[in-house]
Amino acid sequence: DVAQISDVTQVISADTFERPIYAGNAMATVQSTDATKVITVRTTGFDAAAATGGSAAVESAAAQADSGQSAFKGSEIAKNDRPELTAAKIIVSGGRALGSSEKFNEVMTPLADKLGAAIGASRAAVDAGYAANDLQVGQTGKIVAPQLYVACGISGAIQHLAGMKDSKVIVAINKDPEAPIFSVADFGLEADLFAAVPELTQSL
């Protein structure tokens, strides 16, 4: 019987919070008078917690007897040599302009290897089958804020920008000078990605 406050990016006081609305185009400051606060947070909006210190107490809890209503069948752990997308310091992302999954891998993988980066993708690239679903960056994918975000062939739909515009340095490579991605980019290169990205990879 309490209200939920979603996607908090800043805690202003014990009962007041800041959160994005309209796909991140506006920030709302909301206050809750509920005795119990139910919130979700945008992890990229906060610094990592200190590994030591803190005042929380550790309490041991006794294990409960098996109720017999469920059973553990096994686990399949997805293995990836690359950094986890939401924790990566560098992300290189590809868009629909890459044209195929083969071209996506051919162009993006060498650049990611050189930078030690995670690979991301726009929703358009994922929907077209060029990249796996768990690589999607954006409002309907993963919210990221790496030190460096390199967007290749991504026009910059509002939903994508909402998922990566908090990145510290944004580099955009796109042959369309009117692409919205350039509005948030710190460095923009108006060029054909099929020529520019391999050249960048070779230079690195």
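Select Thr201 and show what surrounds it. Leaving out neighbours within four places in sequence, Thr201 is in contact with Pro110, Leu111 and Lys114 (contact: heavy atoms within 4.5 Å). Thr201 sits in helix α4, residues 193-203. Helices here are DSSP runs of H or I with at least four residues, strands are runs of E with at least two, and both are numbered from the N terminus. Is Thr201 buried or exposed? Thr201 counts as buried because its relative accessibility is 9%; buried means under 20% relative accessible area, exposed over 50% and partly exposed in between, with a 1.4 Å probe and protein chains only.

A note before moving on. This is a predicted model, where local features need pLDDT of at least 70, side-chain atom pairs count only at pLDDT 80 or more, and totals for chains, interfaces and linings use all residues. Residues are numbered from 1 along each chain as its sequence is written, and side-chain values use heavy atoms, without hydrogens and water.

Next, select strand β8, residues 148-152. Four of its five residues are buried. Pick Ile91; its bridge partner in β8 is Tyr149.

Now turn to the pockets. A pocket is an open set of points on a 1 Å grid over the protein atoms alone, where a 1.4 Å probe fits, with protein on both sides within 12 Å along at least five of seven lines; lining residues have an atom within 4 Å of a point. Select Thr43, Thr44, Phe46, Ala145 and Lys168. Of the 18 residues lining the largest pocket, these lie nearest its centre. The volume of the largest pocket is about 430 Å³, counted as the space filled by probe spheres set on the points. Its lining has nine nonpolar, five polar and four charged residues.

Last stop: the second largest pocket, with about 280 Å³ of space. Select Arg96, Ser122, Ala124, Ser155 and Ala157, the closest to its centre among 18 lining residues. Helices α2 (123-127) and α3 (158-164) each supply at least two residues of this lining.

How values were computed. Ala, Val, Leu, Ile, Met, Phe, Trp, Tyr, Cys and Pro count as nonpolar, Asp, Glu, Lys and Arg as charged, and the others, Gly among them, as polar. Two strands pair if DSSP finds at least two bridges between them.
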